[in-house]
Amino acid sequence: MNQNIEVLRAACDAWLAASAFREGRDRHKRFTYGDQWSEPVDDHAGHIVTERDLLLAKGRRPLTNNLIRQMVKAIVGRYRNMAADTGRYDSGHDSVAARNRLADLDARMLEEFVISGCAVQRVVAESRPGGAGVWIDNVNPRSFFVSRYTDPRGLDIEMIGMLHAMSLPEIINRFARGSASRAERLGRLFGGGAGDRAFGADTSLGIATPAAVDFFRAPAGKYRVIEVWTLDSRAVRGRGGRLHMQFVWRCRWLAPDGTVVDEFDSPYRHGSHPFVLRLYPLTDGEIHSFVEDVIDQQRAVNRLVVLIDTMMASSAKGTLLYPVRRLPKGMGLDDVARMWAAPDSVIPIDNTGDMPTQVISNTADSGAYQALNLQMRLMGEISGISDALLGRNVPAATGAGLYDAQVRNASVALTDILETFVSFTVDRDEKVRETMADNC
C-alpha cells in the first residue's frame, strides 16, 4: 500500500479514536452555554426523550440556573487578572503578540481548556492578509487528531495534525508556488471532487466509513485538506561515511483521496511540528475537564429549582373559602372575588353560617430550599469556586488584606489547572521564538 495512504489511514484512525472525547466535549459545551435539559432519559412508556420534553409533558417548566458558565468566567477572569498583574501581555515591543491579539486568543483557549480539558494552538510562519510573520491559531478539537500518548509533555507523540477547510483560491495560493501547471493540477484535483472519490465504490482507502464522513468532507463551499505530521526515522550518512538513524518530523498535506498536495521536512529551528498541546489531566491517557466534575451538581440544582417552582405554582396562595350561605342577596361569587382583590374593600356577608377563611400553603418547610442550598454549596466546594473568589457574601468589615488572603486561599483548588495552562503558554512562546528566528 502507498505510504501516503497508510499515513492517511493512521490519521483517520486517530481522529476516530477521539470520537468519545468529542461527544463528551459537545455535552460539556451544551451545559456551559445553557442547554442543560437535553440529556436523554426514559419516559413512562420506555421511550428515550430529552429531560426538557419529559418535563413539558408533565406540565412543568424546564428552568435553568446556569452556575457552570459563571464558574468558567470566574476562572478566565482570574487568569486575566494574573496576567495583568505580571504584565504577561504587555506587548508594545512584541509584534507577534499584538498581531495575534494574544491576550484574547489565550482567554478563549483557556475557556476551551476548562470546558473540554484540551488546549491546542498552531504556530506557523506565513503570509496572510493581516501581514507576513508568525501566526498563532486556536485549533478546534473537532478538527484535531493525535496519536495516543501518555507523557504530559507530549514527548511520545508520533503523529499529529488537523483538518482544514479551504476554498479553491486559498488552496492554489498556498500550494501552487506560483506555478501555472501546479495550479491547474490542483484545480482538477479538488474541482473534480477528491472528497467524493474517497467515498466512491472503488476507493482504495478502505477507511471511508460513515463515522469518517466529517474527516473527509469539508462544509459546503470548501474543500478538505488534511495536514499530517509524522515522526519518521531515516538513515543519514555522517561525515565519516558511517550510516546512523535519525528522527525527522515530516509534514504531508493530503487530499481526501490520498493525493499528496505538498510534503516537506520540518522547516523550523525546533525541528518539530507546529502544534502546542495540553490534555488535562492525562492520567493513563485520559482527559477529564473542569466542567465534567460539576455537571451532576448542576443538574441537581436545576431539578430542585423546577421542584420549588412547581410547588409554588401548585400551592394555595391567598385562596378565599367563602360559604355560599353567607352571600348577601343580589351578590355572586364574582362580586366577592372582585371586592376581595381590591385594597381597602368591604365584603358584606350574611349573618348565619360559617365565616369566610383564607388558605395559604407554606412551602418553606418542604426541605427543597435546604437541599438547593446544599447542592449549591457542594458545587462551590467541588469546583473550588468559592464566594471569596466571586466577590460574593463578603462582610463589609472585611479588610483589604484579609480579603486578599481569602481570595488566595480560594484559588488553591484552581492552581493546578491554571498552572498547567501557563506551562502550555510557556511552551507556545518558546515555539514562537524559534519560529521567529527561522523567519528572520
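Start by selecting residues 102–116: this is helix α6, 15 residues that reach 20 Å from the first C-alpha to the last, close to the 21 Å expected at 1.5 Å a residue. (That expected span is 1.5 Å times one less than the number of residues; helices are DSSP runs of H or I with at least four residues, strands are runs of E with at least two, and both are numbered from the N terminus.)

A quick note before moving on: this is a predicted model, where local features need pLDDT of at least 70, side-chain atom pairs count only at pLDDT 80 or more, and totals for chains, interfaces and linings use all residues. Residues are numbered from 1 along each chain as its sequence is written, and side-chain values use heavy atoms, leaving out hydrogens and water.

Now show the surface around α6: twelve of its 15 residues are buried, meaning under 20% relative accessible area (1.4 Å probe, protein chains only). Among them are Leu105, Met109 and Phe113.

Next, pick serine 147, in the loop between β5 (144–146) and β6 (159–166). Buried or exposed? Serine 147 is buried, at 16% relative accessible area. A polar atom of its side chain lies 3.2 Å from the backbone nitrogen of glutamate 158.

Last stop: select 223–237 and 243–254, strands β7 and β8, which pair in the antiparallel sense over twelve bridges (pairing takes at least two DSSP bridges). Tryptophan 229 has cysteine 251 in β8 as its bridge partner. In the hairpin's turn, find glycine 241, with a positive phi of about 85°.

Key. Buried < 20%, exposed > 50% of the residue type's maximum accessible area, 1.4 Å probe, protein only. Polar contact = N/O pair within 3.5 Å; in protein donor to acceptor, adjacent residues only side chain to side chain.
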